[in-house]
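Visitor: I'd like to go through this model with you. Could we take the inside of it before anything else?

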Amino acid sequence: MKKIALLLFGIVFTTFALKAQIYNTGIGLRGGLYNGLTIKHFTAKSTALEGIVSSRWSGIQATGLIEFHNQIGSRENFQWFYGIGGHVGFYDGKHTPISHQKENGAYTIVGIDAIVGLEYAFSEIPFSIGLDYKPAINLIGKQYFTGDAGALSIRYIF
């Protein structure tokens with residue numbers, strides 16, 4: 001499975017020519033029901049990798065995404081994007097909502113994520129702002145769909 005995933009990422013990356021993009025890397029804060037830190041790095045003009053470390057329900061979750069950006073209109077610094085990825089999280093069962101089978105004890109989740117959003121990179125100052133919707137499905141551990149993981153991200157870009 002790991003070899004297939006690496007091969008898939010390799011194919012995706014080699015299909016895009018390396019050109020200049022709006023910015024190379026951005027690091028910042030992500031605010032929503034899952035608050036945390038975000039880092040996005042462009043590997044090509046329209047392809048980026050994003051890592052998110054977030055917290056909710058007295059737990060922590062790490063998410064990795066590959067995103068495909070598309071320009072909106074004639075403004076290069078305003079884009080919409082979509083992508084896929086996965087997550088792993090560690091939670092304390094007594095702090096999760098009843099709908100997710102509240103129980104005592106810690107547990108681990110592993111799942112898949114999708115993302116769609118908008119991002120604007122300011123040309124006057126080194127910051128970008130993004131708004132996204134990131135649903136996820138946990139496949140290992142507590143199995144459930146999370147459809148409330150939208151957020152506003154503000155990143156320092158360089």
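Visitor: How do the residues of the lining of the largest cavity divide into nonpolar, polar and charged?

Guide: The lining divides into 6 nonpolar, 5 polar and 2 charged residues, where Ala, Val, Leu, Ile, Met, Phe, Trp, Tyr, Cys and Pro count as nonpolar, Asp, Glu, Lys and Arg as charged, and the others, Gly among them, as polar. Bear in mind that this is a predicted model, in which local features need pLDDT of at least 70 and side-chain atom pairs count only at pLDDT 80 or more, while totals for chains, interfaces and linings use all residues. Residues are numbered from 1 along each chain as its sequence is written, and side-chain values use heavy atoms, with hydrogens and water left out.

Visitor: How many cavities of 30 Å³ or more are there?

Guide: The structure holds 1 cavity of 30 Å³ or more, a cavity being a set of points on a 1 Å grid over the protein atoms alone where a 1.4 Å probe fits but cannot get out, with lining residues having an atom within 4 Å of a point. The space in the largest cavity is about 80 Å³, a volume being the space filled by probe spheres set on the points, which are joined across faces, edges and corners. There are 13 lining residues, and those closest to the centre are Y34, Q61, K134, A136 and T146.

Visitor: And which strands each supply at least two residues of that lining?

Guide: Those are β5 (75-92), β6 (106-121) and β8 (136-140), with strands taken as DSSP runs of E of at least two residues and helices as runs of H or I of at least four, numbered from the N terminus. In the chain as a whole there are 1 helix and 10 strands.

Visitor: Switching to rings, how many aromatic pairs turn up?

Guide: A search of the whole structure finds 8 aromatic pairs, that is, rings of Phe, Tyr and Trp (its six-membered ring) with centres within 6.5 Å, where planes under 30 degrees apart count as stacked, over 60 as edge-to-face and the rest as tilted. One of them joins Y23 and F42, whose ring centres are 5.1 Å apart with planes at 85 degrees, so this pair is edge-to-face. Because Y23 lies in the loop between α1 (2-14) and β1 (25-32) and F42 in strand β2 (residues 35-42), the pair ties together parts 19 residues apart in sequence. Both Y23 and F42 are buried.

Visitor: Which residues lie over the faces of F81 and Y34?

Guide: K40 lies over the face of F81, at 4.2 Å from the ring centre, and R56 lies over the face of Y34, at 4.6 Å from the ring centre. The criterion is NZ of Lys or CZ of Arg within 6 Å of the ring centre and within 35 degrees of the ring normal.

Visitor: Last one: is V53 buried or partly exposed?

Guide: V53, found in strand β3 (residues 47-56), counts as partly exposed at 40% relative accessibility. The C-alpha atoms of V53 and G36 are separated by 5.5 Å, although these residues are 17 apart along the chain.

How values were computed
On a 1 Å grid over the protein atoms alone, a cavity is a set of points where a 1.4 Å probe fits but cannot get out, and a pocket is an open set with protein on both sides within 12 Å along at least five of seven lines; lining residues have an atom within 4 Å of a point. Buried means under 20% relative accessible area, exposed over 50%, partly exposed in between (1.4 Å probe, protein chains only).
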